[in-house]
Amino acid sequence: MQQSLFEPEGGKEALASGAAVLRGFAAKRESALLAAIRAIEARSPFRHMVTPGGFEMSVAMTNCGTAGWVTDRAGYRYQSTDPVSGKPWPALPATFLDLADEAATAAGHPGFVPDACLINRYEPGTRLSLHQDKDEADYAHPIVSVSLGLPANFQFGGPKRSDPVRRVALEHGDVVVWGGPSRLFHHGVLTLKNGEHPMTGARRFNLTLRRAL
Ligand code: MD3
Ligand code: FE
């Protein structure tokens, strides 16, 4: 496809090599996405997982898809059943699959079919420290991240933990696609500030659509 000679299309910002922010890309689907989260949490509730080092995470998490990301004293991994319900995770809703496909395509990664979605729930005072997403089988697949509710300051660095970090404000409806060299960049979320969002109250949700297996 011919690259436009003009400015990138409205709302698309290159963040790093292979990474793009699509501002407001999920906004028109906000109600469907939040309804899907409610249906998922009715079967696989948000819970505070424990790191291998024994620390309880401040961010509450659940999953949908054929695989879900979990951590406990035994380590980080993907598994097909929810350790809380003992059952398979809820299926990936069509709204999540459609959004992942459209966002990845818009960012230059066509044909992305996720099999897992980690759903993070932040409340004021919670944070996610700098980490890499490396529990997936094939890093050639991108990760699509969807922000809903309260805004957050996201930080990302580079392939080394000691690389300098940049900050990006992520707001309700923003979608970020991480592929190519940026796929293994360190990243995290700074402590969420107090606030009220008309659709989520004092919460932020983040969906990360992944190909785990
Ligand atoms: C950069 N979630 O769940 S999404 C996570 O906002 C996670 O809840 C954050 O990091 C959140 O693992 C950040 C943005 C993101 C997701 C995956 C990435 C950035 C990434 C993978 C590689 C590089
Ligand atoms: Fe991550």
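Visitor: What makes strand β4 (residues 68–72) count as mostly covered?
Guide: Four of the five residues of β4 are buried. Buried means under 20% relative accessible area, with exposed over 50% and partly exposed in between (1.4 Å probe, protein chains only). The strand itself is a DSSP run of E with at least two residues, numbered from the N terminus; helices are H or I runs of at least four. Mind you, this is a predicted model, where local features need pLDDT of at least 70, side-chain atom pairs count only at pLDDT 80 or more, and totals for chains, interfaces and linings use all residues. Residues are numbered from 1 along each chain as its sequence is written, chains are lettered from A and ligands numbered from 1 in the order in which they are written, and side-chain values use heavy atoms, with hydrogens and water left out.

Visitor: How do you know that β4 pairs with strand β5 (residues 75–79)?
Guide: Two strands pair if DSSP finds at least two bridges between them, and β4 and β5 have five, running antiparallel. Gly68, for one, has Gln79 in β5 as its bridge partner. A hairpin of two residues joins the two strands.

Visitor: What makes β6 largely enclosed?
Guide: Seven of its seven residues are buried, so β6 is largely enclosed by the rest of the structure. In a regular strand the side chains alternate between the two faces of the sheet. Here Ala116, Leu118, Asn120 and Tyr122 are buried on one side, and Cys117, Ile119 and Arg121 on the other. As for neighbours, six bridges join β6 to strand β3 (residues 60–65), and seven join β6 to β13; both pairings are antiparallel. Ala116 has a bridge partner in each: Gly65 and Arg210 in β13.

Visitor: Why are β7 and β10 (166–170) said to stand at the edges?
Guide: They belong to an open sheet of four strands in the order β7-β12-β9-β10, paired antiparallel. Each of β7 and β10 has a single partner strand, so one side of each is left without a neighbour in the sheet. For β10, strand β9 (residues 152–156) pairs with it over five bridges, with Phe156 opposite Arg166.

Visitor: Which residues count as donors to the iron ion (ligand 2)?
Guide: Donors are N, O and S atoms within 2.8 Å of the metal (3.2 Å for Na, K and Ca); water is not among the atoms, so sites may look incomplete. His131 (NE2), Asp133 (OD) and His187 (NE2) coordinate the iron ion at 2.0 to 2.2 Å, so they qualify. Their spacing in sequence is H-x1-D-x53-H. Asp133, in the loop between β7 (128–131) and β8 (143–149), and His187, in strand β12 (residues 187–189), are 54 residues apart. Both of these are buried.

Visitor: What lines the largest pocket?
Guide: There are 40 lining residues, and Leu128, Ser129, His131, Asp133 and His187 lie nearest the centre. On a 1 Å grid over the protein atoms alone, a pocket is an open set of points with protein on both sides within 12 Å along at least five of seven lines, and lining residues have an atom within 4 Å of a point; a cavity is a set where a 1.4 Å probe fits but cannot get out.

Visitor: Why is Leu15 called buried?
Guide: Leu15, in strand β1 (residues 12–16), has 7% relative accessibility, so it counts as buried.
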